[in-house]
Amino acid sequence: MQTILADITVSMSEFKKNPAAVLREARSRPVAVLSHNKAAFYMVEPALFEAMLEELADHKLHRKVLARLGERAQAIEADVDEI
């Protein structure tokens, strides 16, 4: 059983009939478009999509920082004034 990650769902055929109406009725909330009762794709507004991408970028940066903190034993001490 697939988990649907949206409170609003619509069938693919209903979505194809009038995508603008589905977007309007969603009122900025994500919509799961279903094909054979499984999520085929999710429809999100640009602002939400941008926020999701920023969150992913932050998560990636966080992992990089943690990895580099683990390499502190290899760090070379430097004086900023000498650079």
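Strands 2 and 3 run antiparallel to each other, joined by five bridges. Here two strands count as paired if DSSP finds at least two bridges between them. Keep in mind that you're looking at a predicted model, where local features need pLDDT of at least 70 and side-chain atom pairs count only at pLDDT 80 or more, while totals for chains, interfaces and linings use all residues. Residues are numbered from 1 along each chain as its sequence is written, and side-chain values use heavy atoms, with hydrogens and water left out.

**The overall layout**

- Count up the secondary structure and you get three helices and three strands. Both kinds are DSSP runs numbered from the N terminus: helices are H or I with at least four residues, strands are E with at least two.
- Starting at the N terminus, the order of elements is β-α-α-β-β-α.
- The protein has a radius of gyration of 22 Å, whereas a compact globule of 83 residues would come out near 12 Å. That value is taken over C-alpha atoms, and the globule rule is 2.2 Å times the number of residues to the power 0.38.
- Along the principal axes, the C-alpha atoms fill a box of roughly 65 × 30 × 15 Å.

- The three strands make an open sheet in the order 1-2-3, and the pairing is mixed.
- Strand 1 (8–11) and strand 3 (38–43) are the edge strands; each has a single partner strand, so one side of each has no neighbour in the sheet.
- On average, neighbouring strands of this sheet are turned by 35° against each other, direction ignored. The axes behind such angles are lines fitted to C-alpha atoms (for helices, over the stretch in contact), and angles run from 0 to 180 degrees between N-to-C directions.
- As a bit of background, strands of a sheet pair through backbone hydrogen bonds, either parallel or antiparallel.
- Strand 1 pairs with strand 2 (residues 31–35) in the parallel sense, over four bridges.

- Across the 83 residues of the protein, 14% count as buried. Buried means under 20% relative accessible area, exposed means over 50%, and partly exposed is in between (1.4 Å probe, protein chains only).
- Strand 2 is mostly covered, with four of its five residues buried.
- The protein exposes about 7,400 Å², and carbon and sulfur atoms supply 55% of that. Accessible areas come from the Shrake-Rupley method with a 1.4 Å probe; for residues, only the protein chains shown count as cover.

**The aromatic pair**

- There is one aromatic pair by the rule used here: rings of Phe, Tyr and Trp (its six-membered ring) pair if their centres lie within 6.5 Å, with planes under 30 degrees apart called stacked, over 60 edge-to-face and the rest tilted.
- The ring centres of F15 and F41 are 5.4 Å apart and their planes sit at 75°, so this pair is edge-to-face.
- F15 belongs to helix 1 (residues 12–17) and F41 to strand 3, so the pair ties together parts that are 26 residues apart in sequence.
- F15 is buried, at 14% relative accessible area, but F41 is partly exposed, at 30%.

- Of the contacts between residues at least 6 apart in sequence, 36% join residues at least 24 apart; a contact means heavy atoms within 4.5 Å.
- E14 lies in helix 1 and is partly exposed at 44% relative accessibility.
- A21 is part of helix 2 (residues 19–26) and is buried, with a relative accessible area of 13%. A21 and E45 are 24 residues apart in sequence and 14 Å apart in space, C-alpha to C-alpha.
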